[in-house]
Each structure stands twice: as C-alpha cells, then as structure tokens.
Amino acid sequence: MSNSFLIILGIITPLFAALFSYVCRYNNNLRDSFGIIGGLITFVISLKIFHGIQNNEVYQITFFTLFDGVDFAFKVSALGSIFSLVASSLWILASIYTIGYMRGAGEKNQTRFVIFYSIAIHAALAIAWSGNLLVLFIFYEILTFSTFPLVGHKQNAESQSAGRLYLSILVGTSLIFFLPAIFWIWLKTGTLDFQDGGILMNKFPAGYLSFLIAMLVFGIGKAAIMPIHRWLPAAMVAPTPVSALLHAVAVVKAGVFSFLVVVVYIVGPDFLLQTKSSDWLVWLACFTIMASSIIAITKDDLKARLAYSTISQLSYIILGAALASSLALKGASFHIITHALGKITLFFCAGAIYVTAHIKKVSDLKGMGYKLPLIFFAYTLGALSIIGVPPFIGSWSKFYLIMGSIEREFIFVAIILGISSLLNIYYLLQPVVIGFTQNSKKEIKLIKAPLTVWPPLITGLGCLVFFFYANYFLNNISGVIVN
Amino acid sequence: MFDIFLDDAPALVVVLPLLISAIIAFMPSKIWPWIISIITLLLHLFLSLHLLKEISVSGLIIYEFGNWEPPWGISFKIDGVNIGLQLLFSIFVLVSTFYSRKIFLNEIDYRDSGKAYSLWLLAVGSLNGIILTNDIFNLFVFLEISALASISLIALGAGQNRKALLAAFNYLIIGAIGATFYVIGVGFAYAMTGTLNMNDLVIQLAQYSDGQLAIFAGMSFMLIGLMVKAAIFPVHIWLPPAYSYAPSAVSTLLAALATKTILYFFVRLLYEVFIIYPSYLSLFLDFVLYPLSLLAIFIGTVIAIYQDDIKKLLAFSSIAQIGYITLAFSLKDHSGVASGFVHIFNHALIKGGLFMAVGYFAILYKDRVTLNSLKGFGYKYPITSFALLICGLSLIGLPLTNGFISKLYLFQALYTNQMYFSIALVAVSSALAVVYFWKIVEQMWFSEIKFKSEKEDAYIYLPIWIVTISIIVFGIYSTPIIEFSNLSADYLISGYQN
C-alpha cells in the first residue's frame, strides 16, 4: 500500500464506520461493532505509520490548493504519529466500553451517539495528520461541531446549556484568536506548512511573538488553559464514554497537540528560546496547574473532579511547550500518551461505578472498594500513573518536564510540579481510600456491566507495562525535537 | 440573424425583461408567466455570456442608445468592473426564478401570478440597468423602477401577513427620500457641469479643481441617497421589515442582488468620478463610511442575536454583511476594493441560499418562521436543513466555504492597511455570528421534538442546493471570484493612482 493511500484510508475509515452504523441502525449489535472494527483498522494504520516515521518514511498527500501557498494537504509529523496512535488505540477500547455503558445506563439515541463519536475520531485523526495549520483548523472546528451533539446528548435543559457554553467558548475563541493568528502567520510568511524548526524565524517580528503566542494559546480553547477552561467541566454532562475518550483524550489532546505542533513546527523552539516570548506562559500554566488542582479537591462529584484534574494535566503539556527546551518538549509530547492512558482509565472507572452502582459522588463511595474490586484496582493503577509514581508510565513524562524546567533554570516550576503531584495524590487517591476504609450501611443494588470493567483494566495495566517500553515512544519523539 | 440582436446585447439584457414584463402582466394563467420568464432569463444569461466573450476580447463596450453620442445620449458601459457582477446577476436570477414558482403558488393567489412575474421581470431589468448604466440620471430612473417593482412585490406578501403592507410603505417613503436626495445631487452636478454622463462628468468636474461648494453638496446628496438605497447603517431601517415580510421568493431576490447592485454603483461613483477630489473622497471614506461600516458590523450582528423571527435575523445579518463590504470599500487601495467585490459575490450566494431555505420553511410551516417553529426541522426536512447548515457555516466564515475566502481577503486588506482594530472587530463579529446561527441549528436538530422525515419538493430544493454547492465549490476553487474581483479593482483603482 502506498503511503498516501494509508493516510486516506486512515482518515476515512471512521467516516465509513459512522456511515455503516447509520445503515445498520436497526441492528444494535451490528451497529455498535463498527466502532470496534473501525478502531482496529485505524489502529493498524496508525501503528504502521508510527513505525514508518521511525524509519524516516514520508507520509503525505496533497488534494488541492485553497489559496496562495496553502494546500488542502495531509502530512504526518512525528508528533502526529503519536497522537493518532493514542487516539486510534483507545478508540477500540472506548467502543467496547461504550456498548457496555450506553446499554447499561439505558441511554436514548444510541445511533446518533455512535455516529458522532466516529466523526469526532475522524476529525481527531485528521488533526493529527494535517499538513498545515489551516487544515488543522478546519478539522479542529469539525471536532468541535461533531462533539456538540455528544455533549448535549441528554437533551435536557442542563445539557443544552452546557452544550451552548461548550460551543460558544470553543468556536468563539477559535474564531476570535486562532483564525486571525493563522492569518497573521500567513501574511508574514506566505505559508502555513509544518516544517521542522518552524517557519517564523527571520520572518516574524520578534517583539510581537508573545502576542502571537497569546492568541494561539487562548485561541486553541481545547487546551483548556485558564481562563478558557470553563467548557471542560461543563461538558461533563455528557455520557461517560464521551468524557473518557473525547474529554480526556481526543478533544483536549487535539487542543494541546495543536499548540505543541504550533510551537514545534510553526514558531520553532529555537525562535522561542531566543526571544523568550513564551516565558509568561510558563507562569500562567503553573497557575492553571495549581488552581485547578485546588478546585479538584473541593469537588465531590467524581467526574467533575477528574475534569479539573484534566485541566491541570493539560497545563503540564502547555508548560512543556512554553519552556520550549528539548527535554521539556519531550516531556510534553510524551505526556500526551501517558495522560491519555491514565485519564481514560479513571473516566472508564467513574463511568463503570455509575453504571453498576449509580454513584456519582466521591463521598458515596464508602465501602464500594470491596464490592467493585476490579474497578477500584484499575482506578488505582490509573491514578498512580497520573500522580507519576514509578513504575508507571506517567512518571516518565513528569520526569522529563521537571528536567526541562531545571534545564531552563525555572527551579520554581520544578517545585510547583512537585507540589502538584502531592495534590494529585490527595484528590485522586481519596476515592480509593474512602472505598476501602469506610463502611456504608446503605444497601446498594449492583447492575452487571462487564463490558465497562475490562477496558479500564486493560488501560490501567497498560500504564504499568508501558513504563518498561517508554523508549519505544520516546524514539519517535526525540527524532523531532532537536535543538 | 442573431447577429443583429447580439450587437445590441447590452441594451437587450435590460430591455428584454422590461418588455416581457409588460406582456405577461395580465396573463391569467398560473404557469405561462413563469415559463415565459424562464425563457426570457435563459436568453438573458445567453446575452450576458455573449457580453463576457466580447469583453474578454475588447475590454470595454460603450453602448450608445439610438447612436446618440455619450455626452448627449444615454450610454451603457460594460468593462472589467461590472462584467463579473453581470454574470452573477444573470445566473442567480435564473436560479431564483426556478425556485420562485412553487413558492409563489403557495404564498400568493395564483391569479396574481402574471402580475407577480411581471413585477419580477421589471425588478430584474431595472436592477440590471443599475449595473450597466453610465449615466447618473439614467441610474435614478432605474433606481425608481426597481424600487417601485420591489415595493409592489413586497406588498404581495400581504396575503400572508398584513404587515407586509406597512413594510412596503416604509420602503416606499424611505426609498423615495433616498431617491430624492440622489436626484437633488444629480441636479447640482448637472447645474455645475451640464452633463450627466459619468465619463464626461469626470472631465467636466476637473475644471473645478477645488473649493466648489455646490459640487461637494451635490456629491454628498448623491452619496447619502445611495446609502439609503444600499441600506448602509444607520439608514438601513427600511430593509429588515421589507425582507422579512416580502414573499419568500422576493426576499431571496432582494437580499441577494438588490443592495449589491446599488453598492456596486456606489463604489463605482466613488472611485471613478469622485476620485478627482481626493481630499473629499478620503474625508468621506475615512470619517463617514469607515466608522459607519464598523458600527453596521457590530450593531447588525448584535441585533441579529436578539431576533426571534428568522427572516428578520437574516436581514439584520445582511446589515452587518453590507458593513463588511463597505468596510472593504473604504480602504482606498486595490486589496480593499477587490475584497469588497469578493464579498459582494460570496454574500450574494450565501444570503440567497439562506433566504431560499428559510423561505421554503415558511411555506412548509405555513406561518412566520420563528426560532421556536424550527424545532425538529432538521429531522423533518433533512435536505433543505442541511443546505441551510452549509450556508450558515459559510456565513460564519469557516474554511472550505466561500465565506472563508471573503474573510481571508478582507483580513488581508485590513492588515495591509494596518487596521488592527477593525480586524479584531471583524473577528469578534464573526464569532458572534456563531451565536445567532447556532440558535437556529440547535432548534433544528437538538430540540426534544422529533419528526419522521417528510417529502420535500425537488423543484424547490434543487435550486437551493445549486446555490449551496456553488458555495462549497467557490470555497475550494475560489479563482473565478478572485479574478473577477481583481479585475474590478484593477479598473477602479487604476483611476485612483493616476
């Protein structure tokens, strides 16, 4: 198979999954199986591309010219190959989980749900493999619009207002800041292509670079840096598979991925390091990390707590990009994988607890550890990985981030990262502690939903196993980021 | 045999619809007026294409009526500036006439069909005259004919809602005031120069190098009159009720083309005639048109957000979009004028498509289309709804639609002129456009009411989809629009630089 054909196949497979799900909408089992099949196909393709990138193969395809110097084109970068691998592999598990969750919770409109779920994955893959900033922007918007029906899935007043907030913040920021920033880059350089080392050096006035960085980081609202984070907790009204795959992996990772791509392939780390234009962002990211950790502690609703934890973890990646040193960028890129794996485990568990026991609040988890041992086991694995305890995969990215901040002589940032880990321990492990130590007198009727239990176990164990294979991913990353 | 007619093509594109309109006025049939109109407009398109061919060879056609030479006789002028618009006009009128048949049958008494199409062709002919004329008084005549035809067409909406009468009356009065202003201006100009021909006017005006108050007064009168007609903020108040209470087919025609043709003449007057007073021109552009455009963009968008009636919402959005066009025209350079023309083309398609779709909904719903009444329409009428969605995304300016191309060139023009505040305002207002458009989408697809899909009329949705597909095609392959706009700007701006 030619390389360009692989890209096309990978991008349209989710669309076909959506189409077939619609065609087979009257047969529930058949309809839901297309998510798994599509996941497997895209996973194989992503894996092949991932290896191809390691062997310096070029994957690109150009369709047509949009306007001067900007084509509708795809080109897989090293960063993109990582993101697509994460999104496609977790899509398989999430599809299995979705079947268990949606049927267990008795949600309505499952066909629409499955269709838009697949379209969202399509958009995420296209973002990962986009060849220039405008193509990235197009699919960034498609991702927003395709996840809107998922956020507002329940169609009650609460989910409608949440959907509105979601849409207005994400689309609003992208149109007010992101798109003008793209125009600005185009006007200055005449191109929007991703190139190693960036395209702005010597073409963009260094004095305005901080301003451009601000437009980008606030324009890419999916990265959820404060104060543009409100949509993420609001989006938690969606069914848990959405929170798990989209709001822990595809959507938010698309946000930080976009920002990372801009830093690495558009602005160029060297240019950033020379001008120090992103140093202010380091402090904002630190603030977001601390503030959202503290808010997470106050949340009793498990999903809301995880949402704020996500905001804080996303800022790790922003932080890494803002530091722009090679170690920090390595950590930031790797954090895309580690956080995805850990956080999807936690969300899977939160959803599984909701389906089996109808518990949403942390304080209601008393004694549940003994009743749902597998789920709590998986949860603990995921939590430990996010906290960054060896031997869990999350420890690597945190390690590199701390090294990166020391490399840039931001000692204070390293301290912040340490404190944040302590806060993580408190708010992520508290549910486990409550679950195993306190006893509840309440009788709780449990519903069996085995399909919601196995996916988190797999991802949780993945956090443990991949610790030993970190180099497998890091090879790809260090190929890109050479200062 | 055809050659005889083809020589007179510039006159025929205007005269033919006017003549036919007189013939079909009292035709009692409910189908023949439409068939004759379609044949007329096919001929019209053929003539326009012939003009395009001629222009690509010669670059300029001056058509003298009755062979009276220009300063004395009336003349039409076709050149790079208006040929693109002429083509767009011809094609869009044909498409919207296809669309109009079933709509008219639903909204007006079928016995009025002949009168409706008579007025329709009258409006088409006179609006086309505005595009081609090279004579400032002749323009006034066409302005009046088009206004009277439009007003009568709007009043036809009274069968659905009596407020259409009030809207038509409003338009009549305000339009008459605008036309009066314009004709007073023409009077001043004639008194000073003794000519009405635009080319001659430039020559004659040159003798009053500076400081003739009467000239400036005349110019101001003319500009204000045209601003009223083109619905430039704050003299736009006739437009929203007129568009929203007119029969759906009529609002499509008016929204897509009526204000656009007048805007075209407006910019032509500015950059071709008034250019010989650069200080006056830049005074007008910088201190009148520029701030008014910004206000129009912002206020039009904000008011649109608070509208419940969909047609009114679209009308206020038109005010904002006209603001984009005039903002581009106020930039005094090639990129600005070109991006203004780009948006004239693109917005004609977008707003035409939107009004077509909403007009069809009005027929289906059998009442005024409000936000509430759209509940579940996405499921009930998927074909039309999807077209509406695409047109709306284009209105917001998302990539792969022609609305994005407009925004791109507008941003570029503003950037080269270093108008960063305007860039910010345009960005904010396109984000606000999401708010009002998404309210519609939300009602159509994400409200709790669900319907089974119903059959839609192919005679109506095919024209809608032709427009919608052209929106996507011109979003991806924007070269034709860009080239026509650059051509227009080349012709207009070359005068400015000399």
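Mentor: Helices (H or I, at least four residues) and strands (E, at least two) are DSSP runs, numbered from the N terminus. With that in place, A:Pro391 lies in the loop between helix H15 (373-387) and helix H16 (394-407) of chain A. The peptide bond from A:Pro390 to A:Pro391 is cis, with omega near 0°.

Trainee: How should I read the numbering and the origin of the coordinates?

Mentor: Residues are numbered from 1 along each chain as its sequence is written, and chains are lettered from A and ligands numbered from 1 in the order in which they are written. This is a predicted model, in which local features need pLDDT of at least 70, side-chain atom pairs count only at pLDDT 80 or more, and totals for chains, interfaces and linings use all residues.

Trainee: What is the mean pLDDT of chain B?

Mentor: pLDDT is the predictor's confidence in each residue, from 0 to 100. Where pLDDT is low, the predicted coordinates should not be read in detail. Chain B has a mean pLDDT of 88, with 98% of its residues at 70 or more. Within chain B, helix H1 (residues 2-7) has the lowest confidence, at a mean of 75, and helix H13 (residues 310-329) the highest, at 93. The model as a whole scores ipTM 0.73 and pTM 0.84.

Trainee: Where is A:Pro227 placed in chain A?

Mentor: A:Pro227 belongs to the loop between helix H7 (209-219) and helix H8 (231-234) of chain A.

Trainee: Which value does phi take at A:Ala324, and is the residue buried or exposed?

Mentor: A residue is buried if 20 or more other C-beta atoms lie within 10 Å of its own, exposed if 12 or fewer, and partly exposed in between, with C-beta atoms placed from the backbone. At A:Ala324 phi is near 65°, a positive value in a residue other than glycine. A:Ala324 sits in the loop between helix H12 (302-323) and helix H13 (326-357) of chain A, and is buried because 29 other C-beta atoms lie within 10 Å.

Trainee: Is A:Glu409 buried or exposed?

Mentor: A:Glu409 counts as exposed, because it has 10 C-beta neighbours inside 10 Å. Its phi is near 60°, again positive in a residue other than glycine. A:Glu409 lies in the loop between H16 and helix H17 (411-437) of chain A.

Trainee: How may I judge the overall form of each chain?

Mentor: The radius of gyration is taken over C-alpha atoms, and the globule rule is 2.2 Å times the number of residues to the power 0.38. Chain A holds 19 helices and 2 strands. Its radius of gyration is 21 Å, close to the 23 Å that the globule rule gives for 483 residues, so chain A is as compact as a globular protein of that length. Of those 483 residues, 63% count as buried. Chain B holds 20 helices and 2 strands. Its radius of gyration is 22 Å, close to the 23 Å that the rule gives for 498 residues, so chain B is likewise as compact as a globular protein of that length. Buried residues make up 60% of chain B, and its C-alpha trace spans about 70 × 55 × 40 Å along the principal axes.

Trainee: How many residues does each chain give to the contact between them?

Mentor: Two residues are in contact if their C-beta atoms, placed from the backbone, lie within 7 Å. The contact takes 20 residues from chain A and 19 residues from chain B. On the side of chain A that touches chain B, H6(A) gives the most, with 10 residues.
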